[in-house]
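Reader: I would like to learn how to read a structure step by step. Could you show it to me and take my questions one at a time?

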Amino acid sequence: MDKEQITQLVIDELVGDITPEDAAMLKKILAEEPDAVTLRQDIIRLLTEGDMKGALDEEISVERALTKLEKQKGKTRKGFFRGPGTFIIILIILAATLLFYKQWQQTTISKTSADLQATMYKYPLLMFTDGSFIRLDKINDNKIANLTSGKQHNTAFIHGAINQFEKATLITARGENYQLVLSDGSTLYVGPKTSVTFFLGHTGPRREIAVSGQAFVEVAHDPQRPFIVDLPQEGKIQVLGTSFNINTEHQGGIQVALKGGSVKVENGQGSTLLTPGYAASWQKGTTIDTVKFDDKVVLSWQQGRYTCSKATLRDLARVMECCYRYPVSIDVPASVDTSRFIDGELVRGTSIIDFLNTAVIFPSHDKFKYYFDKDSTLHISLNHVP
Amino acid sequence: MSHKLTIAEERLLLIKIRKGDIEALEILFMSYRQRVFLDAYLRLKDQAAAWSVTTEIYSWIWQYKPGLSPFTSIKLMLQEEVKKRTIVQP
């Protein structure tokens with residue numbers, strides 16, 4: 001890992017915004033590389049001593065910045081109401097009325113971004129680049145051009161550009177899978193709390209999608225239009241006609257498991273050509289590791305089965321939100337949530353309480369507590385925080 | 001301490017900023033200002049210059065808002081902007 005990446009991790013650490021995966025990676029680097037320890041010490045010294053003493057205290061700089069932003073805000077508002085401002089308001093009202101009428105007429109489910117927060121991860125959503133979205137569990141056939149739904153409302157068929165957009169993002173709900181059939185015939189089985197950005201039309205020179213979460217992809221063969229999958233951490237898959245599984249939250253890293261055909265996997269540090277039965281995985285900043293994988297473990301999420309192995313509470317929360325529909329909140333600081341003491345299998349459709357009481361293996365049962373709040377969020381915390 | 005934004009919240013913020021919602025820019029600023037400032041300071045070793053780069057980046061986001069992709073990683077975008085602006089600093 002280079003100096004720049006280590007520096008960024010140390011900054012994350014200092015501002016208290018480091019993910020458990022990044023914290024583990026930083027710890028590993030510091031244990032293995034003496035130069036990294038020196039670099040970290042230098043950064044901490046620079047940012048906490050001398051004229052930077054107290055700079056980590058947020059009160060110092062905020063006011064100045066907000067004053068500057070307030071000025072900008074004032075300018076924006078004043079400018080808006082001057083001259084063409086009134087005309088623009090009238091235009092906006094007219095456009096909104098027209099849009100409302102059109103929406104009412106077509107009974108589409110598109111909404112503004114104000115509603116997005118309320119529906120995110122509760123229902124499967126198809127989001128467009130202007131912030132509008134469609135609730136996929138509510139669509140009726142033939143109401144929206146180029147979009148049809150399966151009878152159970154857990155499959156969407158894309159036939160071309162929707163509302164003039166060439167790209168869209170599917171965001172799935174907690175605790176349920178969703179199937180997406182693209183305009184080229186490729187099929188995506190998308191896991192819970194996953195986002196997939198994909199092409200809507202079928203005329204582009206190449207087919208490109210981006211996945212964050214878990215998905216199983218069956219690519220329709222088309223030698224004229226390569227199929228590319230963009231992944232976080234500079235990951236990229238070039239598909240050569242095939243079916244494969246993607247998990248961007250595999251033990252804090254990324255895993256691509258190939259079931260059939262052939263794919264080329266890249267991650268910024270190198271590339272590898274995968275053969276069926278093998279999985280490529282990597283952590284942030286590391287090279288690709290290739291190992292044989294077990295179908296029953298890697299693909300079991302499609303049947304709603306998830307395995308927790310040596311997991312922290314935060315790892316467990318991520319898996320629980322895939323298996324069940326409840327939001328899960330871990331009410332323990334990340335610095336305390338470091339013990340990997342949870343093992344067990346979660347199966348969709350079984351009781352979450354039964355799982356917490358029986359399937360989770362803790363060293364002692366009185367070590368943690370949980371409750372549901374009024375919004376049905378499951379809160380988990382430890383009885384004795386060190 | 002900064003509030004850690006989820007991917008969904010980041011996307012929502014970018015969408016709102018693109019639409020001209022200054023409150024969304026404020027939330028973005030509150031969430032990342034410290035990180036951006038420290039990153040800039042490490043490169044410039046000068047508080048005033050680092051602070052100037054920090055506010056400049058947020059002004060740039062506001063001016064450039066129609067070009068913001070709602071699917072971008074805010075953290076990486078800010079990192080890149082700090083890099084660009086600190087390279088040309090005297």
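Reader: What share of the contacts in chain B with a separation of 6 or more is accounted for by residues 24 or more positions apart?

Author: Two residues are in contact if their C-beta atoms, placed from the backbone, lie within 7 Å. In chain B, residues 24 or more positions apart account for 67% of the contacts with a separation of 6 or more. Please keep in mind that this is a predicted model, in which local features need pLDDT of at least 70 and side-chain atom pairs count only at pLDDT 80 or more, while totals for chains, interfaces and linings use all residues. Residues are numbered from 1 along each chain as its sequence is written, and chains are lettered from A and ligands numbered from 1 in the order in which they are written.

Reader: How many helices and strands does chain B have?

Author: Helices (H or I, at least four residues) and strands (E, at least two) are DSSP runs, numbered from the N terminus. Chain B has four helices and zero strands, which gives the pattern α-α-α-α along the sequence.

Reader: Which residues of α4(B) are buried, and which are exposed?

Author: A residue is buried if 20 or more other C-beta atoms lie within 10 Å of its own, exposed if 12 or fewer, and partly exposed in between, with C-beta atoms placed from the backbone. In α4(B), the buried residues are Leu78(B), Glu81(B) and Val82(B). They line one face of the helix, because seen down its axis they fall within an arc of 100 degrees, where the arc is that of the directions from the helix axis to the C-beta atoms. Leu76(B), Lys84(B) and Ile87(B), on the other side of α4(B), are exposed. The cover over the buried residues of α4(B) includes α2 (22–44) and α3 (47–63) of chain B.

Reader: How do α1(A) and α2(B) pack?

Author: Two packed helices are described by the angle between their axes and the distance between the axes. Axes are lines fitted to C-alpha atoms, for helices over the stretch in contact, and angles run from 0 to 180 degrees between N-to-C directions. Helix α1 (residues 3–14) of chain A packs against α2(B) at an angle of about 135 degrees, with the axes 10 Å apart. The contact is made by Thr7(A), Ile11(A) and Leu14(A) of α1(A), and by Arg35(B), Leu38(B), Asp39(B) and Leu42(B) of α2(B).

Reader: What follows α1(B)?

Author: After α1(B) comes Gly20(B), whose phi is positive, near 95 degrees.
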